[in-house]
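Dear colleague,

I am handing over the structure we spoke of, and below it I have set out what was found in it. Please read the notes with the structure open beside them.

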Amino acid sequence: MTIQERANPLTKLFGSKKRSKHQESGARDLKVFEAMQAGKPVNDALLQQSAKDHLWMHFTRHSPFFNGKDINIIERGEGHYLIDSKGRKVMDGLSGLFAVNAGHGRIELAEAAAKQTMELDFMPLWAFAHPRAIELAERLLSYAPKDLNRIFFTTGGGEAVESAWKIAKQYFKLTGKPTKTKVISRMTAYHGTSHGALSITGIAAMKQMFEPLVPSTFRVPNTNFYRADPRFKDAEEFGIWAANRVEEAILFEGPDTVAAFYVEPIQNSGGCFTAHPSYFRRVREICQKYDVILVADETITGFGRSGHMFASERYDIQPDMMITAKAITNASAPLGALFLKEKFFEPFKDGTTIFPHGYTFAAHPVACAVALANLDIYDREKIVENVNKNSPIFRKTLEKLYDLPIVGDVRGDGYFFAIELVKDKKTKETLTPAEAEKILRGFLPGAFWAEGLYCRADDRGNPVVQLAPPLTIGPKEFDELERIMRKVLTEAWSKL
Ligand SMILES: Cc1ncc(COP(=O)(O)O)c(C=O)c1O
C-alpha cells in the first residue's frame, strides 16, 4: 500500500478539514500528517523533515541530521535487499538487526498474521493460554537441547534476559538458597537496555548515564583470542584460562551469592568472539560445581545464525536457560522466548506460588502464528543447512581481505563475521579514538551505503565491521560482499 493509499482511511476517519488539538495549538509542524489527511503525496523531503522534527531514533547521534545530513529512510525490504526512500537498493548485510534471517518480504508470514488476527487477535498469557502459544512452545522445544522443557515468552531479548534473572532469584529463594542473587557476565557483552539487562551488560560507556543500576553484577573476560595475551599457545589454552576466570569470580563473590552466569555462544559486541569447545566444557563444569545457572543468550545466535538451529547445540553448551528473540519470527513480529529446564518451574507447581512477572504482549497470538510460519520456512527451505554448508565458503571469501593492510582479524562462525580494523597488522596497533571516530562513524557507514551495503561498523571493543546477512544467501552474494568490503576498506585505509 502506498503512503497516499494509507492516507485515505485517515481522511475518512477525521475529515480532511478537521484539525487536531495539537495542530490548533500551533506548537508543532505536522506536515506528514497534514499531507496524509489531505490525500496528498508524502515525498522524501517531507519524510526527512518530519523524521528530524519528531523521531527519536535509538542509539543514534542526531546532530549530523541537523547539519544537512539526510536520514536513510527504508521503505521496502525484498529478499536480502533494502530499498530506501530515494530508490537506492542496498544489500542487507545485517539482517535488519541480526533478525530477518529468512530474508525480507515473506508472504507466508503476512498471511499467517492476517489469519491469526481474524481468528484470535489478542489474549494475554496471564492465566490464559491460546493454541498458537502452546503449539509454538512445543515446536521450539523440538529444536532445542533435550533437557530444556519449558518456555517463558517475552516480546524481545532484553526482556528474556531480565526474566531469566528474576526467575533465578525467585527459584533460589524458593529452594532454600535466598542469598544466590548475583550475576556474572562477560566484558563488552551486550544483553539489553532495561535496568536489569543493562546491569548484566558489560559495556561501561553504555551504563554510566544510568547508574546506579541494579547491584550485584560482575564481569569476567570474554573470549577475544585475537587480543589475548601472547603467552597462550592456542585458543584452547586461552579458552580454559578464560573459563577459569568464571570460577575465580564465583569464589571471590562467594558461591552462595552467585545465581547465574550469562554468556553469548558467539559474543556480538566487540566483534563475533567465538570460543574453543573447551571453554564451554569448563564453564559447564564450573556452573555445575557451584550451582550457578548457565544462561546462554542466543538472542542473535539462535535460529540458524551459527549453522545450527541453536549455537548451544553447535558448541555443546548445555545451558540451564536459553534466551532467544529476534529471528524467532523473522522479525515480522516482536517475540522472545526463554527456554528453561523443568527444575526451575518445580517450585511454582505448588500452592499459591506464582512468578509475579509478565508482559502484556508476550506470546501475542499474531507473533506466535508468525513464528510458526517462519519455522515452516526454515524446515521447508533447509535454511540452517544452507548456513552449515556455505559458512566455510563465506569465511574463505572474507579471508581474502587479509591482503588489505587495515584488516587485522577475520573471525566468527556461521553467517556471522567480524573484520577487525588495525593500523598495523604485525603489532595489532588499533585506531586511536579520533581515528575510530573519523573512520567508523564519519566514513564507513556512508561509504558502505553508497556502495550498496548495509552492515555495522562498531567500536564497543576494538574497531570492527560486522556482517550477519540473511541465511538464504550463498557464494554469489559472498563475492559481492567481499568486493564492496575491499573497495570501502581500501578507501578507509587511505584516510587513516
Ligand atoms: C545478546 C543480546 N541479548 C539481548 C539483546 C536485547 O534484545 P532486545 O533488543 O530484543 O531487547 C540483544 C540485542 O541485540 C542481544 O544481542
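In what order do the 4 strands of the open sheet lie? The order is 1-2-3-13, and the pairing is mixed; strands here are DSSP runs of E of at least two residues, helices are runs of H or I of at least four, both numbered from the N terminus, and two strands pair if DSSP finds at least two bridges between them. The edges are formed by strand 1 (74-78) and strand 13 (453-454), each of which pairs on one side only. Strand 1 runs antiparallel to strand 2 (residues 81-84) and is joined to it by 4 bridges, with E78 standing opposite Y81 of strand 2.

Before going further, please keep in mind that this is a predicted model, in which local features need pLDDT of at least 70 and side-chain atom pairs count only at pLDDT 80 or more, while totals for chains, interfaces and linings use all residues. Residues are numbered from 1 along each chain as its sequence is written, and side-chain values use heavy atoms, with hydrogens and water left out.

The ligand is surrounded by G156, G157, G158, Y190, H191, G192, E264, D297, T299, I300 and K326, each having a heavy atom within 4 Å of it. An oxygen atom of the ligand lies 2.8 Å from a backbone N or O atom of G157, and a ligand oxygen atom is 3.0 Å from a polar side-chain atom of K326. On the side chain of D297, an N or O atom is 2.7 Å from a nitrogen atom of the ligand. Of the 390 Å² that the ligand exposes when taken alone, the protein buries 80% (accessible areas by the Shrake-Rupley method with a 1.4 Å probe; for residues, only the protein chains shown count as cover).

S194, in the loop between strand 5 (182-186) and helix 9 (195-200), is 36 residues from G158 in sequence, yet their C-alpha atoms are 6.9 Å apart in space.

R411 lies in strand 11 (residues 407-413) and counts as buried because its relative accessibility is 9%, where buried means under 20% relative accessible area, exposed over 50% and partly exposed in between (1.4 Å probe, protein chains only). A polar atom of the R411 side chain lies 2.6 Å from the backbone oxygen of G271, and a polar contact of 2.8 Å joins the side chains of R411 and D409 (a pair of N or O atoms within 3.5 Å; within protein, one must be able to donate a hydrogen and the other to accept it, and residues adjacent in sequence count only if both atoms are side-chain atoms).
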